[in-house]
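Please look over the chain shown here before reading the notes. They are meant to be checked against the coordinates, point by point.

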Amino acid sequence: MSGGPGTSRFLWQMLLGGIPLVFLLWVTGGALGDRVRELNTGEDVTVTAVSGCVEEGPPMSGRFPYCETGWRFDDGRTGQGRIDGERVAEGDRIFAGDGFAYRSKTSRVLSLVVVALVGLVLFGMLIGLGVLYRRLRGK
């Protein structure tokens, strides 16, 4: 590397900056996989019981509204869990599977798209960092 000691230091900083990007890509890939699995295994179910709903907490408290519910699959199986978001009532149709439930399938698809876009941006940043590293290394 003929760019001097400053260039060498900058290259190390770029390499160290790439490590968190790789970690974030790994986390994003896991989140993407979870959403795809839920969309593949979930189905529309009927709410059979609502045991209680918690409204939003104070601003910035981190508490979001949710309801503890039970549901019945069309094949007769039952499930129960927590649905984040707006209130639900007995008889409502929700999107659920074994271990998860959401107000609608649309919200899961939207979440999948957002996570995929974040993953693409992170991947693009990693590629840009690699290109910059190669260009500086060649100088």
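The points below go through the basis of the model, its fold, the sheet, the disulfide and one surface patch.

1. Basis. This is a predicted model, in which local features need pLDDT of at least 70 and side-chain atom pairs count only at pLDDT 80 or more, while totals for chains, interfaces and linings use all residues. Residues are numbered from 1 along each chain as its sequence is written, and side-chain values use heavy atoms, with hydrogens and water left out.

2. Overall make-up. The chain has two helices and five strands, in the order α-β-β-β-β-β-α from the N terminus. Helices (H or I, at least four residues) and strands (E, at least two) are DSSP runs, numbered from the N terminus. Of the 139 residues, 24% count as buried; buried means under 20% relative accessible area, exposed over 50%, and partly exposed in between (1.4 Å probe, protein chains only).

3. Sheet order. The five strands form an open sheet in the order E3-E2-E1-E4-E5, with antiparallel pairing. Its edge strands are E3 and E5 (100-102), each of which pairs on one side only. On average, neighbouring strands in this sheet are turned by 45° against each other, direction ignored. Two strands count as paired if DSSP finds at least two bridges between them; axes are lines fitted to C-alpha atoms, for helices over the stretch in contact, and angles run from 0 to 180 degrees between N-to-C directions.

4. E2 and E3. Strand E2 (residues 66-72) runs antiparallel to strand E3 (residues 78-84), and seven bridges join the two. Gly 70 has Gln 80 in E3 as its bridge partner. The two strands make a hairpin with five residues between them, and Gly 76 in the turn has a positive phi of about 100°.

5. E4 and its partners. Strand E4 (residues 93-97) is joined to E5 by three bridges, the two running antiparallel. With E1, the pairing is antiparallel over four bridges. Phe 95 shows both contacts: Phe 95 in E4 is the bridge partner of Asp 44, and Phe 95 also stands opposite Tyr 102 in E5. Further along, Gly 97 stands opposite Phe 100 in E5. The hairpin of E4 and E5 has two residues between the strands, and Gly 99 there takes a positive phi near 95°. Four of the five residues of E4 are buried, so this strand is largely enclosed by the rest of the structure.

6. Disulfide. How many disulfides does the rule give? The count is one, a disulfide being a pair of cysteine sulfur atoms within 2.5 Å. Cys 53 is joined to Cys 67, S to S 2.0 Å. The pair links distant parts of the chain, with Cys 53 in strand E1 (residues 43-54) and Cys 67 in strand E2, 14 residues apart. The link of Cys 53 and Cys 67 is right-handed, with 105° about the S-S bond. Cys 67 counts as buried because its relative accessibility is 1%.

7. Surface patch. Phe 23, Leu 24, Trp 26 and Val 27 form a nonpolar patch on the surface, with about 450 Å² of accessible area together. Patches are made of residues with over 30% relative accessible area and no salt bridge, like charges being joined within 9 Å and nonpolar side chains (Val, Leu, Ile, Met, Phe, Trp, Tyr) within 5 Å. A salt bridge is a side-chain nitrogen of Lys or Arg within 4 Å of a carboxyl oxygen of Asp or Glu. Accessible areas come from the Shrake-Rupley method with a 1.4 Å probe; for residues, only the protein chains shown count as cover. Val 27 lies in helix H1 (residues 5-41) and is partly exposed, with a relative accessible area of 39%.
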